[in-house]
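Okay, thanks for coming, everyone.

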Amino acid sequence: MPKFDYRYCLWAGITLIMFFYAHAEFLPVEKAFYVPCAITLLFSFFVKKRWDKIDTLLGWFLALVWISDLANGIYPESISSNCVRITLGVVCFNKLRKCNLSSVSKLVAYISPLIICSYYIFDNPLLYVGWERYGGFSGDPNYLSISLNLLCVCMLQQIGMIKSKTWRAIWIVSILLIIPIIIAGKSRIGSVSFCVIILFAGYKLLHKSKAFFLILAVFGSGAMIYMSNTNPSMIDQFVMRFDGSRKSDQGAALARLKQIDGTIAVFKSTPYAIFFGIGVDSNPQNIESYSSRTVNIVHNTFFNILLQEGIITLSFFCYILWICFKGIWKKRDLLMGGLFLSLLMNINSVSCTSYLTFWWSLFFIFSEINNPRAKVSLNHKDQIDGTQTKPQLSI
């Protein structure tokens, strides 16, 4: 890998790792991930890659995001602006999809156990036995689940590529430790999307190594049984989020429908807004036709883009996702398919275009489906003398 490509990917990986502590109060500098993010942005200008169709689509997408603000007389004034954050998310990490991220994926996988353990040390999820939802250092359990899903995929990927039994065991334990974090967050879509990744990876493991799949299934079942016995109230509260027994949970589901209804109402009152939206940095609650139906912003990425950036921007966004889906389908990559499906589920629950891990995950998927790797690796000696070795398990 060219030196600037390597440095760019390395700092992109460090940014992702630091992003897990974006709201960590124990850090001396708030949102310290901005520093490696800035370095990543700097190195991205030195990564020479050929301009392609997705670059064009992303360019139009960003241009329309800015137009949505400017057309409505809004001028982004800080780095916390949604317009600026979306731009940084794309510009900083777009070139990840053109690089071979095997080294970065391995780095993230090796650091993942430390990240997960640090959550237990500094903000133990097992202590969240009330109705307070655990968001870790990401601020929101729904966003946290997107980040944890990415960690899980990186570890599962390395489990299928690394021979070390010690590291495989560490990664299995780390994946199991994600389960209480998801349960404490009480995120319905987050828990389902995590299960999707496990099922997709488990299906492939079942075909590649039945023994390894059995070990993972037994330990996973044992962990759930242990939790249900030692912390039954947390399990009960988590189950109640799904059975509809609490009125607040029913209201949360209905609120999303009201937000969609409010979006449609805005376009009925101001039809011209459908082209460029009301502005990515606008507050829809300031619009009477929207606020009369709901008090929250749109908790859905597709409808949020439609409302704030317009139908043209939404079309570009959906087309990019469609290209990603076609690549996964063509390569038949189950693990990336599981990550992509989990990502789609999560962006239907919250607005994600200004969230760093969304773009990181999307470009990571593009990288995996665009950079073919050998399914069976031979060591140097085998390549010389022609002897065969047992293929490594590859997820």
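So, a contact here means heavy atoms within 4.5 Å. With that, residues 24 or more positions apart account for 78% of the contacts in the protein chain with a separation of 6 or more.

Quick housekeeping: this is a predicted model, where local features need pLDDT of at least 70, side-chain atom pairs count only at pLDDT 80 or more, and totals for chains, interfaces and linings use all residues. Numbering starts from 1 along each chain as its sequence is written, and side-chain values use heavy atoms, leaving out hydrogens and water.

The protein chain has 18 helices and zero strands; those are DSSP runs, H or I of at least four residues for helices, E of at least two for strands, numbered from the N terminus. Of its 395 residues, 49% count as buried, that is, under 20% relative accessible area with a 1.4 Å probe, protein chains only.

What about disulfides? There are zero, taking a disulfide as two cysteine sulfur atoms within 2.5 Å. Cys92 has its closest cysteine sulfur in Cys37, at 3.8 Å, so that's too far for a bond. Cys92 is buried too, at 0% relative accessible area.

Now the helix pair. The axes of α1 (residues 3–19) and α2 (residues 34–44) come within 8 Å and cross at roughly 155 degrees; axes are lines fitted to C-alpha atoms over the stretch in contact, with angles from 0 to 180 degrees between N-to-C directions. That makes α1 roughly antiparallel to α2, the cut-off being over 145 degrees. Among the residues that meet are Phe4, Tyr8 and Trp11 in α1, and Cys37, Ile39 and Phe43 in α2.

Note on methods: Buried means under 20% relative accessible area, exposed over 50%, partly exposed in between (1.4 Å probe, protein chains only). Angles under 35 degrees count as roughly parallel, over 145 as roughly antiparallel, 65 to 115 as roughly perpendicular and the rest as oblique.
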